[in-house]
Amino acid sequence: MQIINEEVKWDKTQTIVSKTDTVGTILYANKAFTDACEYNAIELIGEPHNIIRHPDMPKVAFKALWNALKEGRNYHAIVKNLTRTGRYYWVITDFTIDKDENGKITGYTGRRKAVPNSVIEKIEPLYQTLLEIEKIKGEKASELYFECYLKEEAGKSYDDFVVNLFKEESLNNEKNKQIASTPKLEENKIKKGLNWFFFGDFL
């Protein structure tokens, strides 16, 4: 596939939803997902979720994600995804863990929405650095740098880093005046896992 440095056109007001089993095989994809990635549902079902992994994404970001989910912790991530035609789209993802009646993990549900360009401008240089380290020094070196960056510069876990970055930029974004007018309410909701953003819970 030829990689095209061009953002795909998709309805950024929509929430992209997918469900996978415990190893990341796609079990369900909604219309927003198929529209954004340019695959149809039949093509996606049964495929590994990394079918849409963009080569600009460092592996360490996904390793941190999967480690958290396997430990039973919900997770947020900012991801650049690859479309069928080689284009891209950026999203913030809220992962939740699906369990059976006995509490056993059966899979994961990902809900994704578009992010402000100001968020991308802040996260993309970090991803580029991690990717370069990965290519030249290896995955372990990239992972160690990532851990040090989060500790020394961010002062928080990746999940908290993503949530707070998104919160700060969203509340400052001109397109989110309604959110910015009630910062305390929205800050509390974001701390609860971005439910206000992914589920429209403004009550």
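Is Lys80 buried or exposed? Lys80 counts as buried, at 4% relative accessibility; buried means under 20% relative accessible area, exposed over 50%, and partly exposed in between, with a 1.4 Å probe and protein chains only.

Some ground rules. This is a predicted model, where local features need pLDDT of at least 70, side-chain atom pairs count only at pLDDT 80 or more, and totals for chains, interfaces and linings use all residues. Residues are numbered from 1 along each chain as its sequence is written, and side-chain values use heavy atoms, with hydrogens and water left out.

Back to Lys80. Its side chain forms a salt bridge with Asp56, at 2.6 Å from N to O; the term means a side-chain nitrogen of Lys or Arg within 4 Å of a carboxyl oxygen of Asp or Glu. Asp56 is in the loop between helix 2 and helix 3 (59-70), and Lys80 is in strand 3, 24 residues apart. Helices (H or I, at least four residues) and strands (E, at least two) are DSSP runs, numbered from the N terminus. Asp56 is partly exposed, at 34%.

Lys80 also pairs with Glu124, with the closest N and O atoms 4.0 Å apart. Glu124 sits in helix 4 (residues 117-137), so this pair ties together parts 44 residues apart in sequence. Glu124 is partly exposed at 25% relative accessibility.

The structure holds 10 salt bridges. Among them is Arg84 with Glu43, at 2.6 Å, N to O. Arg84 is partly exposed at 42%, and Glu43 is partly exposed at 26%.
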